[in-house]
Amino acid sequence: MATEIDLEYQSEKGAMISIITLLCLLMLIVYMTGRTHYKNICTSIIAFICCAVITVSIIAIMFAKKYWDFGIIESIFMVATIGMSVQNTGLLAYSYSCSYEPSRTEKMNQAYREMGTVVLHSSVTQFVCALFLIISVQKSFRSIFKFSIVVMTIVSFSFIVSMFLFGSL
């Protein structure tokens with residue numbers, strides 16, 4: 001019992017350290033791409049804020065669930081959350097930065113026209129795949145069931161934040 005508690009504590013501690021390290025690395029990457037590729041550091045910072053909101057929301061949901069035991073698999077889920085949170089926001093930020101429109105509203109409208117359907121279709125595809133994984137998996141494969149729930153939650157939050165929060169900031 002003491003070993004399991006120690007493993008859970010070490011997993012939580014290691015996951016938090018890796019999350020903080022990955023967010024710092026993401027900020028560095030966002031800064032570098034903002035200077036070279038997006039040509040606008042404000043767009044990069046807004047994209048980073050959106051990715052951080054998604055990551056913090058998913059982690060808060062995972063910790064808020066009382067029945068959700070924290071272990072090694074959940075640590076992997078937390079790291080995967082960062083990778084999956086970048087997808088939709090990155091597409092919209094890239095489309096926004098490549099726009100030649102004069103105003104911010106027109107740039108955002110062009111980004112929604114160009115990448116909005118791509119973001120919507122990729123989110124729906126990932127959500128449906130995770131839903132079918134939940135339906136097909138048996139209760140004995142608890143980790144796959146949890147992974148499906150996490151993927152569905154990440155995809156939902158990522159779509160909502162990238163389409164609404166990124167556009168409004």
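What share of the 169 residues in the protein chain is buried? Buried residues make up 37% of them, where buried means under 20% relative accessible area with a 1.4 Å probe, protein chains only. Keep in mind that this is a predicted model, in which local features need pLDDT of at least 70, side-chain atom pairs count only at pLDDT 80 or more, and totals for chains, interfaces and linings use all residues. Residues are numbered from 1 along each chain as its sequence is written, and side-chain values use heavy atoms, leaving out hydrogens and water.

Now for the overall layout. The chain has five helices and zero strands; here helices are DSSP runs of H or I with at least four residues, strands are E runs of at least two, and numbering starts at the N terminus. Of the contacts (heavy atoms within 4.5 Å) with a separation of 6 or more, 69% join residues 24 or more positions apart.

Let's look at how some helices pack. H4 (residues 104-136) meets H5 (residues 142-168) at about 170°, and their axes lie 10 Å apart; axes are lines fitted to C-alpha atoms over the stretch in contact, with angles running from 0 to 180 degrees between N-to-C directions. That makes H4 roughly antiparallel to H5, a label for angles over 145 degrees.

H5 also packs with H2 (residues 41-64), at about 145° and with axes 10 Å apart. Among the residues making this contact are Ile 54 and Ile 58 of H2, along with Phe 157 and Val 161 of H5.

How values were computed:
Parallel < 35°, antiparallel > 145°, perpendicular 65-115°, else oblique. Buried < 20%, exposed > 50% of the residue type's maximum accessible area, 1.4 Å probe, protein only.
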